[in-house]
Amino acid sequence: MDVNNLQRTPSYSYRVDADRIKQRLQQADKNSVSNQRQSDSVDISEEGRNALREKVSAIGRLGQGEDIGKLSSMNSGIYGMMNDFEKIMSELGGGAVSNDLVSKDYSQESVDALKTKFEKEEGTKTDTFDSYVNKMVSAYQLMKDRIEEKYAASDRQKEYYTAEDGSTQELTKEKELEMLDNAYETHSKLMATSTQIWSELKDFKVQINYHSSKSETEKATAKNQNTGIKEQAYNAFMSAINKENSGMLKQQTGSLNHVRLNLGISSSERNVLNSVWDYYANLKH
């Protein structure tokens, strides 16, 4: 309603008899209670009374301006954490991120500082899989460090997030670390599947170049190898996030592109993964 369009009315001065009004209200209240007792009765359990007292108490605290926490920038739960992780990975890979990171816990300065350790290299791409694993571990550790720092701060405010069931729950350190682990694993599954697809495309490309045909047995063997590559890539990603590897990356002062972490796979499996990624990376360029 636009109060400016209302017609102005003349103002009057009244003398309020507060005592008289108070007496009328008390009498009206007594009459209401008396009539209610005669017509109906409501029994409230002890549990209900306690809940009512707690609600009234909470309303009182709100009225007093008490700081009861805030809805976290990570309010969308695992999806917010995944969005952060994906955007940091895009930044490390030289991608353009138009909008800010979802969470303000990860400053652009910290991401830029990490990005300088993964500068693009001219010429033929090599150890591309190793380099990507290093980026994943670095992004994971950056986010984990910020979570640790936030919950170690003495002036930290309570934060809340929207759970999958739609309820609002308090955000804890354990919950954020769980969200980060889930985000990392989701990305690992995606990239493991991509590795399998690139491996199949690489094999298909070779067939075209050499005009060779394969028997059904050979095709089945190649398919099994590609499926094995997916599992190897996934296991390598998941094995990469340990204290030993994180410490190794932190100690490096120069480029992190060719640091070889302990990925829990054999040298031959590692060479195959790098060959697939190198082939795809050089094909794009």
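## Briefing on fold, aromatic pairs and pockets

Of the 285 residues of the protein, 29% count as buried, where buried means under 20% relative accessible area, exposed over 50% and partly exposed in between, with a 1.4 Å probe and protein chains only. This is a predicted model, in which local features need pLDDT of at least 70 and side-chain atom pairs count only at pLDDT 80 or more, whereas totals for chains, interfaces and linings use all residues. Residues are numbered from 1 along each chain as its sequence is written, and side-chain values use heavy atoms, with hydrogens and water left out.

**Overall fold**

- The secondary structure comprises nine helices and three strands, taken as DSSP runs numbered from the N terminus (helices: H or I, at least four residues; strands: E, at least two).
- Along the sequence, these elements follow the pattern α-α-β-α-α-α-β-β-α-α-α-α.
- Among contacts with a separation of 6 or more, 71% join residues 24 or more positions apart, a contact being heavy atoms within 4.5 Å.
- The protein exposes about 19100 Å², of which carbon and sulfur atoms supply 49%; accessible areas come from the Shrake-Rupley method with a 1.4 Å probe, and for residues only the protein chains shown count as cover.

**Aromatic pairs**

- The count comes to seven aromatic pairs, under a rule by which rings of Phe, Tyr and Trp (its six-membered ring) pair if their centres lie within 6.5 Å, with planes under 30 degrees apart counted as stacked, over 60 as edge-to-face and the rest as tilted.
- The rings of Tyr140 and Tyr184 have centres 5.4 Å apart and planes at 70 degrees, so this pair is edge-to-face.
- Because Tyr140 lies in helix α5 (residues 128–152) and Tyr184 in helix α6 (residues 173–210), the pair ties together parts that are 44 residues apart in sequence.
- Both partners are buried, Tyr140 at 8% relative accessibility and Tyr184 at 0%.
- Trp198 and Trp277 form another edge-to-face pair, at 4.9 Å centre to centre and with 85 degrees between the planes.
- That pair links distant parts of the chain, since Trp198 belongs to helix α6 and Trp277 to helix α9 (residues 267–284), 79 residues apart.
- Trp198 counts as buried at 15% relative accessibility, and Trp277 is likewise buried, with a relative accessible area of 6%.
- Trp198 and Trp277 also belong to a cluster that ring pairs build together with Phe129, Tyr132, Phe237 and Tyr280.

**Largest pocket**

- About 770 Å³ of space lies in the largest pocket, where a pocket is an open set of points on a 1 Å grid over the protein atoms alone, with a 1.4 Å probe fitting and protein on both sides within 12 Å along at least five of seven lines, and lining residues have an atom within 4 Å of a point.
- Of its 28 lining residues, Gly93, Lys125, Thr128, Lys135 and Ala281 are the closest to the centre.
- Helices α3 (78–92), α5, α6 and α9 each supply at least two residues of this lining.
- The lining divides into nine nonpolar, ten polar and nine charged residues, with Ala, Val, Leu, Ile, Met, Phe, Trp, Tyr, Cys and Pro counted as nonpolar, Asp, Glu, Lys and Arg as charged, and the others, Gly among them, as polar.

**Second largest pocket**

- The second largest pocket has a volume of about 270 Å³, a volume being the space filled by probe spheres set on the grid points, which are joined across faces, edges and corners.
- Among the 14 residues that line this pocket, Leu114, Ser138, Leu142, Asp145 and Lys250 are the closest to its centre.
- Helices α4 (108–115), α5 and α8 (243–251) each supply at least two lining residues, and the largest share, six residues, comes from α5.
- By class, this lining has six nonpolar, four polar and four charged residues.
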